[in-house]
Amino acid sequence: MFDFGIIPPAMFVGMVLFMLYGFPVAFSLAAVGLFFGIIGIATGHFSEAFLQALPLRFFGIVSNDLLLAIPFFTFMGAILERCGLAEDLLEGTGKLFGRIPGGLAYAVILVGAVLGAITGTVAASVITMGVISLPIMLRYGYSPRLATGVIAASGTITQVIPPSLVLVVLADQLGKSVGDMYLGAIGPSILQVAIFMGYILVLSILKPASMPPLPKEVRGDFNWSLLFRVLSGMVPSIVLIFLVLGTIFMGLATPTEAGALGVVGAMVLAAMHRRLTWPLMQEAMRSTMHITSMVVMILIGSTVFSLVFQGMDGSRWIEHMLSGIPGGPVGFLIFVNIFIFVLAFFLDFFEIAFIVIPMLAPVASALGIDLIWFGVLICVNMQTSFMHPPFGFALFYLRSIADRNVKTSDIYMGALPWVCMQLILVAIVIFWPQSVTYWLDKGPKVDPNSIKIEVPGFGNNGLGLPPLGAPGGSPQMPGLTLPPMNGLPGQPPAPAPAPPPATDLSQPPKIN
């Protein structure tokens, strides 16, 4: 562990202690980095010139066009959170599925997936669906643990479903395309929704009393009017999803441009619901400012820490320590996911992405692990950070809007089965990489190292020229046969032309 000295592990422990003490993460990272930077200069690990890279790194962060997607997607989600779209979707879908046991739970999962695909924020999904559906589910006999668990879990699907902010950050940290990260996340997103709905199906068969169907006077008749109402809520959402994701997948827009299109689409939807007001825009802009500022400050603090950590050979220490894990790449992935699962009890997903991923990505690349697969796998794991007690943010959001009659213990206990299902998806992605890579580009791949350019030679001398006085007087190129200079093949040689008469220079020239 100390093959590269004691300073790299001391830096890591110091970072953890600072954050456990309660200091803001951005300032903790920067303080630890600068403190050990002074130690590195004093001990001769690097010179003062090494830290001159910090201003360039800061400028690279604030001028990164990719990170512009974060405020756009955040602003879009903040508008949609308040525009009434979720209410229409939940009401129509709940009535559509309300005639079967667990119908409201199915509706919450489906609407959570749709909201995740158009908002990209967990808070918006959990709070909106909790306010709308939790009172109805409790009123008509749903178990409090089931109701709170399905609402919190359906909100965390947002972490995996594009356009997730986590995928944008991971793409930036791994140096990969956001479009490829989004394509790789399609398979796990579908699997997560299927696992959740499969659990509701099994539970509705085993314990139908915990999720009774809605009374007929509440759900109404199944007719064309109900279908039209559901479709009228779904179609604008599908159009917005195409604006955001379809333009990225088709190569028509960058993630930043797609985020701008999403903002315009969200404002149009808010106007359609007659809720596009100046107070709504102010609240959305304030929320966007807070989240974007937090992300940039954490990123600046993490770049101070990572620069000094690399100067102390910390990356080599991490690679040396993790490369020897038994089991090869699979053993490495299992260890990393257990490690991140534990960290997620204490750290936010942004903090994990900015602190831990830059340390792990070089090791994964050295082991031959596809970084898109690695990034999506980490994203699937980090969605548990919103769910597991006692620090899951989704549980905090739900507690803030739930009725006082709902016990906190019911919220925590109700989350445990869904955390287990999220871990099942982590295991599926580890042992079935095609769940991620199947959706990526399948076009022909050319290895640059396999390309060979052969130039035909003209001879054996150093200049590649035919030797003077070659037999026959005609040079030959490999693969190219030239006729002899004194005739064509198979024909008698042509007579040599007569030499011109010699000029008598003693006589004056004759002018005709």
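In which hand, left or right, does helix 10 pass helix 21? The crossing is right-handed. The model is predicted.

## Crossing of helix 10 and helix 21

Helix 10 covers residues 178–206 and helix 21 covers residues 408–431. Their axes come within 10 Å and cross at roughly 140°. The two helices are therefore oblique to each other, as angles over 145 degrees would be needed for roughly antiparallel.

## Residues in the contact

On the side of helix 10, the contact is made by Pro-188, Leu-191, Gln-192, Ile-195, Phe-196, Tyr-199 and Ile-200. These meet Pro-417, Trp-418, Met-421, Gln-422, Ile-424, Leu-425, Ile-428 and Val-429 of helix 21. Of the residues in this contact, 13 are nonpolar, 2 are polar and none is charged.

## Aromatic pairs

The structure holds 6 aromatic pairs. One of them joins Phe-35 and Phe-36, edge-to-face, with 5.4 Å from centre to centre and 90° between the planes. Phe-36 has a relative accessible area of 11% and is buried.

Tyr-199 and Trp-418 also pair: the ring centres are 5.1 Å apart and the planes stand at 75°, so the pair is edge-to-face. This pair links distant parts of the chain, with Tyr-199 in helix 10 and Trp-418 in helix 21, 219 residues apart. Tyr-199 counts as partly exposed at 25% relative accessibility, whereas Trp-418, at 1%, counts as buried. Together with Phe-196, Tyr-199 and Trp-418 form one aromatic cluster.

Key:
Residues numbered from 1 in each chain as written. Predicted model: local features only at pLDDT ≥ 70, side-chain atom pairs only at ≥ 80, totals over all residues. Heavy atoms only, no water. Axes fitted to C-alpha atoms, helices over the stretch in contact; angles between N-to-C directions. Helix = DSSP H or I, 4+ residues; strand = E, 2+ residues; numbered from the N terminus. Parallel < 35°, antiparallel > 145°, perpendicular 65-115°, else oblique. Left-handed = near helix turned anticlockwise from the far one by under 90°. Contact = heavy atoms within 4.5 Å. Nonpolar A, V, L, I, M, F, W, Y, C, P; charged D, E, K, R; others polar. Phe/Tyr/Trp six-rings, centres within 6.5 Å; stacked < 30°, edge-to-face > 60°. Buried < 20%, exposed > 50% of the residue type's maximum accessible area, 1.4 Å probe, protein only.
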